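Visitor: I am new to this structure and would like a close look at one part of it. Please take the aromatic rings and go through them in order.

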Amino acid sequence: MWEVALATLRHRRQSFVATFIAVLLGSALVVACAGLMETGIRIAVPPERLAAAPIVISGQQAYTVPKEDPNDLKDMKTVALVERQWLDPALAGELAGVAGVERVVGEANIAATVVRDGQPVVVGAQSWGHDWASAVLGPFELTDGDEPKDERDVVLDAATASAAGAKVGDRVQVSTKGVVEDFRLTGLVPAAGEDAQSLLFFASSAMGDLGEHGDQVSSYGLFLKPGTDVDALAETLEEKLDGRPYTVLTEDDRGVAEHPEAVGGRAQLIPLAAVFAGMAIFIAMFVVSSTLGLSVQQRTRELATLRAIGATPRQVRRMVIGEAFFIAIIAAALGCVPGMLIGPFLFSIMSDNGVISPVVQFHQGFLAYLIGPGVALVTTLIAARITSSRAAKVSPATALAEASVQRRWLSFWRVLFAFLFFGIGVALFIVTGAVMSGPVASATAGPAVMAWAISLALLAPGFTKLFAKLLAGPVRAAAGISGYLANANLRLRNVRMAAAVTPIMLMVGIALANFYTSSTQEAAAARWFTEPLRAEAVVSSTIGGLAPDVVDRVRSVEGVEAASRYITSAGWIDKPYDGSHVASPWPIQGVDAQNASLITGITPVRGDLGRLSGDTAALPTVQAADMGVDIGDSVTLRMGDGRQAEVEVVALFEAKEGYEMIVAPAALVAAHSTTGMVRQILVAGRDGVDPDDLAATVTRQVASVPGAVVGDRDTIAGFAEGTRTQTWVNYMLIGVITGYTLISVTNTLVMATAARKRELGVQRLIGSTPKQVMRMLAAEASVVAIIGIVLGTIASLATLIPFSAVVLGRPVPSGSVFIFIAVAAASIVLALGATLLPARKLLDVPAAEAARAVD
């Protein structure tokens with residue numbers, strides 16, 4: 001039957017175009033997602049400041065959390081740290097004693113920025129100060145001047161010096177610890193290469209006073225003795241440091257030591273790519289199955305004839321699968337071409353929106369080009385196997401009868417699987433509403449909408465017939481005699497119409513579920529994390545942080561009721577054991593004790609937020625009770641940099657389940673942050689003070705503070721900001737998936753319309769005008785779109801209602817109604833365009849010629 005399959009493809013090319021395009025795009029998307037996953041797994045960051053050191057030792061930038069039993073060191077979960085992890089200074093001597101190591105050079109990082117005319121001068125994405133002794137790690141050699149020797153000497157890279165209008169010997173202003181001071185520019189080094197950044201080098205003796213972490217080491221660069229094998233030494237070091245929070249980096253991995261934030265992107269990029277690929281595969285299987293099924297339905301007489309002349313069910317099945325195989329193997333291979341473009345495109349959008357650091361290099365190796373076509377081929381063959389079963393099992397007599405009358409569609413297996421997936425949808429509905437809490441409730445959204453979509457798709461012919469009856473009156477009233485003919489077609493051709501309804505339903509369901517899940521999650525994060533904060537004005541720093549005295553200056557402004565430093569981080573509770581935050585860390589909010597309740601909007605159930613100073617913290621009541629912790633007790637926090645902090649509990653407060661946080665002194669949180677400084681001050685005005693007037697007054701007060709800008713509460717950098725970034729990325733991914741579905745739906749409808757050439761020709765011969773035919777087709781397309789929209793909306797609501805109830809406390813999801821209107825309008829326009837445009841071409845063929853066309 002392989003020869004027959006090839007012959008069919010040659011003579012029915014148009015019937016298989018939709019399948020070809022669906023497989024090609026599916027393969028391209030899987031190739032792109034495989035590249036994203038490879039990038040997330042590798043996290044390759046070419047070194048810039050550490051390029052001369054063959055081996056770099058850095059912090060792991062991860063913390064292992066016991067999943068259930070704190071004493072079980074095997075069942076652990078590894079989670080990325082949100083702040084830079086600092087190294088033990090004593091490690092340098094230990095590394096120097098390893099055979100093959102010639103010299104060990106440590107690198108320190110402090111927040112430092114050149115200031116010109118009160119404005120920060122930053123080349124590239126960041127500006128850091130370093131110990132001149134670590135310049136050899138670049139290597140950054142002087143091109144002019146001398147090395148820094150005194151405490152107020154500095155060496156700049158050529159690009160930063162040029163931007164500041166400074167030359168060797170000039171006095172330049174540099175901000176460290178949020179304070180601007182004059183430094184003497186003693187020398188210049190070459191500008192950074194591909195990883196553009198401002199480089200400031202200070203004398204070793206000055207580092208401890210200039211930066212909050214100036215006396216701490218961020219990484220060690222190892223120079224090797226001649227003849228030492230890098231890989232062998234790296235393996236030796238890994239064995240030596242095993243079990244300790246250090247990592248050994250070589251080649252392109254060394255750049256991670258310069259950009260520790262890159263490690264955190266792995267936790268977001270890999271799941272995103274996996275979910276995206278899963279959705280692409282799911283949609284591809286649906287669309288391919290739908291288009292192949294429609295093709296088989298249109299060839300019922302042909303298949304019946306084959307059965308009548310002796311073809312066995314197995315041969316018919318092999319023919320259908322063979323057709324799909326030949327299409328898929330070509331389309332899947334060609335899908336690698338657009339996949340080469342889609343992968344970098346998606347990665348650039350993700351890096352631009354903060355999902356992963358832009359310094360990470362995108363990698364899409366040969367494995368991606370094997371996985372994409374392979375998955376597309378397997379998906380197509382599975383869809384073909386499902387499609388071929390019905391045509392292969394009927395007897396020749398039945399098949400010939402079905403060539404002229406409507407096929408039966410209801411079968412035992414269809415009903416069984418419809419109820420099975422319906423049961424899965426109900427189970428996920430219950431689990432989401434009764435068991436899950438907080439942001440993790442969104443984990444069931446994807447599987448739930450797919451379960452509901454499959455259940456509805458299996459019963460689509462029945463729903464098509466039902467809705468056709470319900471809409472028969474409006475259609476007849478709106479389209480007259482053309483509406484009557486449309487109703488007849490919808491009633492008698494419900495199986496074929498269902499093939500067009502299914503992809504529209506799928507597109508609407510997935511688009512609405514994902515768009516509104518993202519917008520609801522963003523609204524929930526803002527509601528529980530940001531909205532309680534009292535801030536009519538926000539002072540932010542663009543140069544790393546604000547000096548401690550700036551908040552006092554803001555408090556002295558007329559009309560200010562309260563002002564507090566504000567910083568966010570994330571960490572864990574080590575002791576007593578806390579099992580509530582394993583997969584993700586606790587959000588930690590740092591504020592000042594003065595007016596803490598007013599600024600945070602938190603009213604303690606017990607204790608006093610005014611005691612938030614030194615090593616103290618406030619905890620949610622439920623988690624504190626679970627741990628047996630009360631006011632005055634001590635708990636051990638694992639802060640964002642991986643170091644521990646022993647704190648006293650001074651307050652307990654109520655928190656929304658799933659959106660709990662730890663409140664701690666801003667100074668404590670800042671001490672465990674990457675820069676060591678607070679970047680924002682929240683300002684609350686007195687009653688009756690206009691927010692705009694307050695912002696203007698505060699702006700004048702901080703005008704002399706370099707890098708200080710004043711904005712409204714929308715500029716608060718908090719936990720909701722990450723959710724907002726995730727939301728926009730989800731919009732982008734869903735947009736791509738929706739676009740893929742739109743193309744597939746278009747091809748399905750075009751294919752369905754083109755196959756009606758003979759039918760439309762006969763209809764015109766018996767008296768229908770072209771205008772009546774077009775009105776009939778428009779009525780059919782409109783009904784098909786409406787059915788798809790209704791079923792897709794049902795699938796999305798069954799997913800959104802429990803999720804919204806969990807995170808917002810109401811069944812109505814958050815998000816603009818225009819999202820629904822846009823999706824519904826796109827579906828209707830798509831259905832009409834994909835039906836009427838090919839129909840117009842068919843009507844250009846003389847009616848007699850069209851009536852003689854082969855089905």
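Guide: Phe325 is partly exposed, since its relative accessible area is 27%. The model is a predicted one, and a search through the whole of it finds seven aromatic pairs. Phe325 forms one of them with Phe326: the ring centres are 5.8 Å apart and the planes stand at 65°, so this pair is edge-to-face. The cut-off behind that word is an angle over 60 degrees.

A pair of aromatic rings is described by two things, the distance of the centres and the angle of the planes. For Phe347 and Phe362 the distance is 5.5 Å and the angle is 40°, so the pair counts as tilted. Where do these two residues lie? Phe347 sits in helix H11, which covers residues 336-352, while Phe362 belongs to the loop between H11 and helix H12 (366-393). The two are 15 residues apart in sequence, so their pair ties together separate parts of the chain. Phe362, at 23%, is partly exposed.

Elsewhere, ring pairs join Trp132, Phe140 and Phe201 into a cluster.

Arg84 lies over the face of Trp86, 6.0 Å from the ring centre. Arg103 is placed over the face of Phe223, and here the distance to the ring centre is 4.9 Å.

The chain holds 28 helices and 24 strands, with H11 and H12 among the helices. Its C-alpha trace spans about 100 × 70 × 55 Å along the principal axes.

How do contacts divide by separation in sequence? Taking contacts between residues at least 6 apart, 83% join residues at least 24 apart. The accessible surface of the chain is about 34,900 Å², and carbon and sulfur atoms account for 58% of that area. As for charge, the chain has 66 positive and 78 negative charges, and the mean positions of the two sets are 21 Å apart.

Note on methods: Residues numbered from 1 in each chain as written. Predicted model: local features only at pLDDT ≥ 70, side-chain atom pairs only at ≥ 80, totals over all residues. Heavy atoms only, no water. Phe/Tyr/Trp six-rings, centres within 6.5 Å; stacked < 30°, edge-to-face > 60°. Buried < 20%, exposed > 50% of the residue type's maximum accessible area, 1.4 Å probe, protein only. Helix = DSSP H or I, 4+ residues; strand = E, 2+ residues; numbered from the N terminus. Lys NZ or Arg CZ within 6 Å of the ring centre and 35° of its normal. Contact = heavy atoms within 4.5 Å. Areas by Shrake-Rupley, 256 points an atom, 1.4 Å probe, with all protein chains shown as cover. Lys, Arg positive; Asp, Glu negative; His and termini not counted. Charge placed at Lys NZ, Arg CZ, Asp CG, Glu CD.
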